[in-house]
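Subject: Handing over a structure, with notes on its aromatic rings

Dear colleague,

I am passing on a structure to you, together with some notes. Please look through it first, and then read on.

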Amino acid sequence: MGGPRLRTILLWFSVYILVESAFGVDIQHLNIWPMPKSVSYGYKSIFLSNDLELKTEGSKFSDGSSILKDAFFRTIDVVRATHVIEANTSKIDPSFLLKGIHVVVYSPSDELQHGVDESYKLHIPIQGNPLYAQIEAQTVYGALHGLQTFSQVCYFNISSRSIMVHQLPLTISDQPRFSYRGLLIDTSRHYQTLPVIKTVIDSMTYAKLNVLHWHIVDSQSFPLDIPSYPKLWDGAYSSSERYTFADAIEIVSYAKKRGINVLAEIDVPGHALSWGVGYPSLWPSTDCREPLDVSNEFTFKLIDGILSDFSKIFKYKFIHLGGDEVDTSCWQLTPHVRKWLQKNGMNGSEAYQYFVLRAQKIALSHGYEIINWEETFNNFGSKLSRKTVVHNWLGSGVAQRVVKDGLRCIVSNQDKWYLDHLDALWQGFYTNEPLTNITDPKEQALVLGGEVCMWAEHIDASDIEQTIWPRAAAAAERLWTPYDKIAKDPEEVRDRLTYFRCLLNQRGVAAAPLDGFGRAAPEEPGSCYMQ
């Protein structure tokens, strides 16, 4: 071995490792998003083999469902997607070539649930023959995060026409700050196709978000097949804008293989006008079509049927029951409901409480813990099940009151983390702190995390990606990275977030520029890295 061509490659490589930054990759700065908990890195580089291998010797995870193997091949695909690889890495000295990734997972289980261990360690050495990156994780889902981080230190080198792995030796020890890092999508205001939902799920993994909150139905449409009550999806916009039972199973399965839980929501008793299209008796009257009829036993029988069907699909421990924006005035104006209220000694507010608490009991009977929007806490917090998670969205200070009362909380305050608010800038997404004014460690532990919300009044397949990204990524770092590593001034991370936005573009995600309002178009010609 060792012909003239090989010697030339090795000579070039020796020069390359001294002048890496000359080829457009700034290896002086770590461009990983979100920033890991602990990082040590150098300034050397090696080639990535065209025949990268996955090794799992020593792992207790059998990968019977191919979660790890499929993630490995997806990692290769996104790393190689930006350019045609022309270099023949088989002719490179093995001491300069990363041959594969050795992944060791210590748990044999592939169960995905709230609080699953998502930690990982990643080490990429500069010496070895052969050279392997090392990923260690307690669960396969931690290993998936390790693969995502690995993908962000791989770059196409325009001179060698190959993929290079930079900033070596690299050692990372990482785990999330919060166990709940969510993104809400709304498929009632506008139907989102399966390919669009899958694209959103894929993009979530790049930023290490781990809960897809699926706001499936609302007043405008009921697009999901409920076998127990098949007329419910008569409330869909059209026959082609529906999700079959099999579609829902596919979304949950697709998300699980990527380490993402799916949180299903039915928003009751308000936001449910579409339910009555198929079952008109759910409406108090034709003039009062929401909230759902609190006086009708069929209302609760139907909710029980929905949650029974949900339990066959949605295995996440939580179910979201909504409970927000309930106007009870038409209950009191509808004769048969008013009569029921009088018989039971209730006013409208008390009937609202009755409805929410009864729906909670139904959910508990199906093994779920409950998430409700904050109005339920604001109106009758002391009556809520102790298994309730309060979802803050209206204002500040709510999380502080919730955890002081001993309940759990998720933060999505609309002024900072509502993606449909186009005037909410990425800097606000980055600086929004879920633990504001919560200093007691026991109370801090009750804040499960946070969620950015993509309400869809003005969102469909044409603009969903650029409305989500890159602002959702700013919140993702807040939820993943240790507090002491979060920049106090968001401008300190602008360049790194810009780099991540361009990485999303390279991976086929239509992330908008940082400058301007949400989903703003580029203001003028120029480099992605300058927008």
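This is a predicted model: local features need pLDDT of at least 70, side-chain atom pairs count only at pLDDT 80 or more; totals for chains, interfaces and linings use all residues.

Residues are numbered from 1 along each chain as its sequence is written, and side-chain values use heavy atoms, with hydrogens and water left out.

A pair of aromatic rings is described by the distance of the centres and the angle of the planes. Rings of Phe, Tyr and Trp (its six-membered ring) pair if their centres lie within 6.5 Å, and planes under 30 degrees apart count as stacked, over 60 as edge-to-face and the rest as tilted. The structure holds 23 aromatic pairs. One of them joins phenylalanine 300 and tyrosine 354, whose ring centres are 6.0 Å apart with the planes at 80°, so this pair is edge-to-face. It links distant parts of the chain, since phenylalanine 300 belongs to helix α7 (residues 297–310) and tyrosine 354 to helix α10 (residues 348–365), 54 residues apart; helices here are DSSP runs (H or I, at least four residues), as are strands (E, at least two), numbered from the N terminus. Phenylalanine 300 is buried at 2% relative accessibility, whereas tyrosine 354 is partly exposed at 25%, where buried means under 20% relative accessible area, exposed over 50% and partly exposed in between (1.4 Å probe, protein chains only).

Another edge-to-face pair is formed by tyrosine 352 and phenylalanine 380, with 5.2 Å from centre to centre and 75° between the planes. This pair too links distant parts of the chain, with tyrosine 352 in helix α10 and phenylalanine 380 in helix α11 (residues 375–380), 28 residues apart. Tyrosine 352 is buried at 6%, and phenylalanine 380 is buried at 5%. Elsewhere, Tyr191, Trp214, Tyr243, Phe310 and Phe314 form one aromatic cluster.

The charged end of lysine 55 sits over the ring of tyrosine 132, 4.4 Å from its centre (NZ of Lys or CZ of Arg within 6 Å of the ring centre and within 35 degrees of the ring normal).

Finally, histidine 271 lies in the loop between β9 (261–265) and α6 (275–278), and is buried with a relative accessible area of 12%.

With kind regards
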